Amino acid sequence: MLTIENLKIEFLSHGRRVAPVDGVSFSLGQDETVGLLGESGCGKSVTALSILRLFPMASQARLSGAIRFGERDLLQADDATLRGIRGKEIAMIFQEPMTSLNPLHRIGEQLGEMLRIHTSLPRQEIDAKVVAMLERVGLSRAAQLVDEYPHSLSGGMRQRVMIAMALLCQPRLLVCDEPTTALDVTIQAQILDLMRDLKREQKTSILMITHDLGVVAEMCQRVVVMYAGQVVEQSSVEDLFDRPAHPYTHALMRARPALDATPGAPLTAIPGSVPPPGTVTQGCRFAARCARTQDICRQEMPVLEHLGDGHSVRCWYPH
Amino acid sequence: MTTLPPLLEVHGLKKYFASGSSTVKAVDDVSFSLAEGQTLGLVGESGCGKSTTGRSVLRLIEPSEGSVRFMGQELTLLPEGQLRAMRRHMQMVFQDPYASLNPRMTIGEVLEEPLLVHQLHDRATRKRKVAEALDMVGLNPAYAARHPHEFSGGQRQRVGIARAIITRPKLVVADEAVSALDVSIQAQILNLLRELQQELGLTYLFVSHDLAVIRHVSDSIGVMYLGRMVETGTCEEVYTRPRHPYTQALLSAIPREHPRQQRERIILQGSIPNPAAPPSGCHFHPRCPSCMEVCKTEAPPAVKVSATHTVACHLSRPELTLRPT
């Protein structure tokens, strides 16, 4: 349903062109939940924003490659086409709901706007749909809530409102950028539970952008692991947890304190930090931090190689 | 096991904030003790009072009531001058290292400042101590000449830790010290904190919302909810035999670690109530799956269920035989 091909995103930074996303390809099928996993600076959020081309004009982003959504290439689409897709066919949920809700408008108005833009339903029907959707995402008092402002809601409630807004037009694809990262763990459990239910009901495909292996294990069928602007590994979620092939994924799995591990046993840390975009010009981008690095790793960039069963890895010496 | 008096003993600690016409009881009668060389993890969700507890212990904010005994002295009664002198022995590491480092100072100046404040050593020795501290946290001593903006998040947190240990304190309060860091960097910092603890015999009060991190670093654990301590115990007791329904729900809400892992999940209804108007009786009662009549009116006392395990829940009171079916 969604196919990203060789996506490259360049920004102008201090007069220099840098590419935080550099040749990313992956696809997402009907009714599938795919995790886009990586740490700060890997390019996962920029990739997500590029799907709906949500960049500020001032960023002078230059995009190349293709983002195929059904028959269309979103990178070639004009503004009118994009406006028709945003919110209706592809909706997005962000990490911090307070920054995506307008503090000056009532909840009901903000949700209703989606339907006013994308449908020609009469006002009463829009209002009824909004209340029904707020109830569906587990908000009690929905009929009163529509007249309230975002500030009167808790973080968990705001995220439910965002989910309600995203699902109002029954989009085919939902792009979620760290949707539970700002929430407490018991509220995160509620929201993930809700998203699973709604997905079953509405058959929405989900692209889940996250740094959290736990969220991946809870929600995703397939995972795309990114590092320094590139896809370094891709596989089914079981395979990734059973047999992480890339040394980065492998180390990431062991860096997290596990609940069944011996408390206090040293964690597998990854030395150093992620190289800023454009600083590694030769070889594998993970080479400087990798425990398995050989000469070739510093000289030649490995390609994404298929291991079979939909599992691929970008490494000269995979696990 | 140990007969030494605890390094830190907190009893009946309260911190109330005035908020408009109401009072927020951010910390409401919290007690715990911490032996030298040990780590106590304070865990809980937003607004539970764990950070306020950490800060009140150091008197970075003044507690409203209660006793804090540290190294045999009652901190709450110390006059300002003596308190400042004590601060040398109790330091803090903050969540956001960038916000807690002065951007106009070099790293060397940042690290030297605690030594100057406490009038420790001569100039040459101070320089040597700065280099030593950088080396201990895994940074090149030559970095002393650089400014905070030249460092990554993980490196800045190393600087924050170097600043905390440079006066050779006994107690370090770490407030969400690894929460802003990526997993791979977080592991570096957790390993570093562990090494420093062994090397310098540090005692940690480790405040975090992250249950996996808390289990990893702590010898004993305190679980907080809306200003109150609901359960304390050894790491083993709290994680494998949680008694308080809130602790049980909290642990069950941790995302699974493997897609095939099955977890019995207790989904709590509703969200954390407004701390300015907490529910009556047990603060947790409106969300508690085992709520009884008594819970709505009476705050549960802390009940000892083992020598080290304490639970503030009516269900754990032996004299109450009432159990929900």
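This is a predicted model: local features need pLDDT of at least 70, side-chain atom pairs count only at pLDDT 80 or more; totals for chains, interfaces and linings use all residues.
User: What is the phi of A:Arg141?
Analyst: Most residues other than glycine have a negative phi. A:Arg141 is a residue other than glycine, yet its phi is positive, with a value near 60°.

User: Where is A:Gln170 found in chain A?
Analyst: A:Gln170 is not a glycine, although its phi is positive at about 50°. With 11 C-beta neighbours inside 10 Å, A:Gln170 counts as exposed. Its place is the loop between H7 and strand E7 (173-177) of chain A.

User: Which residue stands opposite A:Val225 in E9(A)?
Analyst: Strand E3 (residues 33-37) of chain A pairs with E9(A) in the parallel sense, over 4 bridges. Opposite A:Val225 in E9(A) stands A:Leu37.

User: Which residue in the turn between E9(A) and E10(A) has a positive phi?
Analyst: E9(A) pairs with strand E10 (residues 230-236) of chain A in the antiparallel sense over 6 bridges, and A:Val223 stands opposite A:Ser235 in E10(A). The two strands form a hairpin with 2 residues between them. The residue in the turn with a positive phi, about 50°, is A:Ala228.

User: What is the radius of gyration of chain A?
Analyst: Chain A has 12 helices and 12 strands. For 319 residues the globule rule gives 20 Å, and the chain is close to that, so it is as compact as a globular protein of that length. The radius of gyration of chain A is 21 Å.

User: Which helix gives the most to the side of chain A that touches chain B?
Analyst: The contact takes 36 residues from chain A and 34 residues from chain B. On the side of chain A, the elements that give two or more residues are helix H7 (155-167), helix H8 (185-202), helix H9 (213-219), helix H10 (237-242) and helix H11 (247-255). The residues of that side divide into 19 nonpolar, 11 polar and 6 charged. With 7 residues, the helix that gives the most is H8(A).

User: Which element gives the largest share of the largest nonpolar core?
Analyst: The largest nonpolar core has 178 residues, and those with the most contacts inside it are A:Ala164, A:Leu207, A:Met208 and B:Leu205. The largest share of this core is 8 residues, and it comes from H7(A).

User: Which strands stand at the edges of the open sheet of chain B?
Analyst: The open sheet has 4 strands in the order E2-E1-E4-E5 (chain B), with antiparallel pairing. Within it, 5 bridges join strand E1 (residues 8-19) of chain B to strand E4 (residues 65-70) of chain B. An edge strand has a single partner strand, so one side of it is left without a neighbour in the sheet; the two are strand E2 (22-34) and strand E5 (73-74) of chain B.

User: Which helices are among what covers the buried residues of H3(B)?
Analyst: The buried residues of helix H3 (residues 107-117) of chain B are B:Ile107, B:Val110, B:Leu111, B:Glu112, B:Pro114 and B:Leu115. What covers them includes helix H4 (123-136) and helix H5 (153-165) of chain B.

Definitions and conventions. Residues are numbered from 1 along each chain as its sequence is written. Chains are lettered from A and ligands numbered from 1 in the order in which they are written. A residue is buried if 20 or more other C-beta atoms lie within 10 Å of its own, exposed if 12 or fewer, and partly exposed in between; C-beta atoms are placed from the backbone. Two residues are in contact if their C-beta atoms, placed from the backbone, lie within 7 Å. Ala, Val, Leu, Ile, Met, Phe, Trp, Tyr, Cys and Pro count as nonpolar, Asp, Glu, Lys and Arg as charged, and the others, Gly among them, as polar. The radius of gyration is taken over C-alpha atoms; the globule rule is 2.2 Å times the number of residues to the power 0.38. A nonpolar core is a set of buried Ala, Val, Leu, Ile, Met, Phe, Trp, Tyr and Cys residues joined through C-beta atoms within 7 Å. Two strands pair if DSSP finds at least two bridges between them.
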